[in-house]
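Subject: Structure handover

Hi,

Here is the structure I promised to pass on. Please open it next to this email and read along.

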Amino acid sequence: MKIDFKHNQTAHCENGVISNLMTHNGLTISEPLAFGIGSGLFFVYLPFLKVNFAPAVSFRPQPGLIFKRLSKRLGIKIKRQKFKDPKSAKKALDTLLKNNTPVGLQVGVFNLTYFPDDYRFHFNAHNLVVYGKDEDTYLISDPVMEEVTMLSSKELEKVRYAKGVYAPKGQMYYPVHIPKNIKFDKAIVKAIRATCRDMLAPVPIVGVRGMRMVARSIKKWPNKIGTKKTNHYLGQIVRMQEEIGTGGGGFRFIYGAFLQEASDILNNPELKSLSKEITDIGDLWRDFAIDASRLYKNRSLEFDGYNKVSDKLFVIADKEEKFYKKLKKAVA
Amino acid sequence: MKDNEVPQDKSSFTDLYYAVDKEGNYITKRSSGWKPKKIVLDRSLDMIDERVKDIKQKVMNNEVSPIMYYMELNRMDMSVLAAYFGKWKWRVKKHFKPANFNKLSSKSLKKYADIFNISIDELKDINI
């Protein structure tokens, strides 16, 4: 069986599944709107937590939170289920597909056979939609892929039962109630306020303060841990910023697209000029990534390069601080 | 980012960017890759390769067991492997010692082989 499901490639998996599932269920919502209403823009630096031998940095809130906030703000009810037994997970999925319901799944990336090898890591909070089944093959709409794809039932079981951090435990989800005549305006204002609150939070590792903490550390790293490790640490930041799913510039461009859409919905021209501002900030993040990646080639002990990269991040933090303050006022 | 600046370098993945067109409106555009992104991804994969090579030598010298080698080869760390094995980290760490590895039951060996998607023979001899 095959459900008539429209696959739309998006930048990020979580927003993409939301956008595609909601649109299928009659609520047209773009990826930027889903991202913005879910307050997806974020920054956190966790120096004490090492991922892939480098301190953890994230440009997004913890997996699932965007979806959770969006559903709450729009009054959408989502049914979520986890299964201890893979057999019952498969049965539940098959029953839903028979009833013509496309289903969202949380999966691990490492065993996704259609992913290129260099992107396969043990990251378990990826999202995709199953929209049909042909004998032993499941029809998959993975929002970060250009086209729809397929997984055998054995392969699907493997990714649904990936282990480690964020283990999916067979988690599946689908909307069970979407209110009629949803009004986006209130949800948008609430979401923007929450984003400003997060990014301006008086917490040293979060938001603009978190960025400054990273910027300060970059200056110290070369002396403290050597250039090889420093490059690896910087590389991890760049990867988190530009990895599949951010739409470029650590989600800043998606947020710019959101503000543009929000400006029309709220009839608030100020948001349009702020959209331009965050776009320019996104460009600065791109410059930061270019300079950081160049340091790999710069094997000489030229610490000046690290200072420059650090200064760039300080500039970004200052600009973002001003931006969120203005944004907060614009929806006051 | 302007839509004509969306990078079209070589990489293994085509992803979606958000960029502004001439009128200043946001649009989406596919990108075949971006060099800075590829540099950092490749370097991070190089690091794994270096570790795999290093551990391979240690297995040959009988300093560590093949389990450590296959863990690195599968881009896992100890917590991921322990989660798949269903035991505490220190239990898995014990199996990194060749002496303890040689004492493993065939049931445990089979479990490890399944995790790494290989045969028990391959698990015992990394050169197969």
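Below is what was found in it, chain by chain and then at the contact.

Please keep in mind that this is a predicted model.

**Chain A overall**

Chain A has ten helices and eight strands. Its radius of gyration is 21 Å, close to the 20 Å that the globule rule gives for 332 residues, so chain A is as compact as a globular protein of that length. Along the principal axes, its C-alpha atoms fill a box of roughly 60 × 45 × 30 Å. Of the 332 residues in chain A, 46% are buried. Look also at the contacts in chain A with a separation of 6 or more: 69% of them join residues 24 or more positions apart.

**The sheet in chain A**

Six strands of chain A make an open sheet. The order is S3-S8-S4-S5-S6-S7, and the pairing is antiparallel. Which strands stand at the edges? They are S3 and S7 (149–152) of chain A. Each has a single partner strand, so one side of each is left without a neighbour in the sheet. On average, neighbouring strands of this sheet are turned by 40° against each other, direction ignored.

The partner of S3(A) is S8 (residues 172–177) of chain A, and these two pair over five bridges in the antiparallel sense. Within that pairing, Arg80(A) has Tyr173(A) in S8(A) as its bridge partner.

H5 (residues 153–160) of chain A lies across S4 (103–107), S6 (137–141) and S7 of chain A. H5(A) runs at about 90° to S7(A).

**Two lysines to look at**

Start with Lys77(A), which is in strand S3 (residues 77–81) of chain A. Is Lys77(A) buried or exposed? It counts as exposed, because it has 11 C-beta neighbours inside 10 Å, and the cut-off for exposed is 12 or fewer. Leaving out residues up to four places away in sequence, Lys77(A) touches Pro175(A), Val176(A) and His177(A). Take the last of these. His177(A) is 100 residues from Lys77(A) in sequence, yet their C-alpha atoms are 4.9 Å apart in space.

Now go to Lys82(A). It sits in the loop between S3 and helix H4 (86–98) of chain A. Lys82(A) has 14 C-beta neighbours inside 10 Å, so it counts as partly exposed. Its contacts, again without residues up to four places away in sequence, are Lys169(A), Gly170(A) and Gln171(A). Ile29(A) is another matter: 53 residues from Lys82(A) along the chain, with 26 Å between the C-alpha atoms.

Chain B is divided into domain 1 (3–33) and domain 2 (38–124). The centres of these two domains of chain B, taken over C-alpha atoms, are 39 Å apart.

Best wishes

Methods:
Residues are numbered from 1 along each chain as its sequence is written. Chains are lettered from A and ligands numbered from 1 in the order in which they are written. This is a predicted model: local features need pLDDT of at least 70, side-chain atom pairs count only at pLDDT 80 or more; totals for chains, interfaces and linings use all residues. Helices (H or I, at least four residues) and strands (E, at least two) are DSSP runs, numbered from the N terminus. The radius of gyration is taken over C-alpha atoms; the globule rule is 2.2 Å times the number of residues to the power 0.38. A residue is buried if 20 or more other C-beta atoms lie within 10 Å of its own, exposed if 12 or fewer, and partly exposed in between; C-beta atoms are placed from the backbone. Two residues are in contact if their C-beta atoms, placed from the backbone, lie within 7 Å. Domain bounds come from an automatic or database domain assignment. Two strands pair if DSSP finds at least two bridges between them. Axes are lines fitted to C-alpha atoms, for helices over the stretch in contact, and angles run from 0 to 180 degrees between N-to-C directions.
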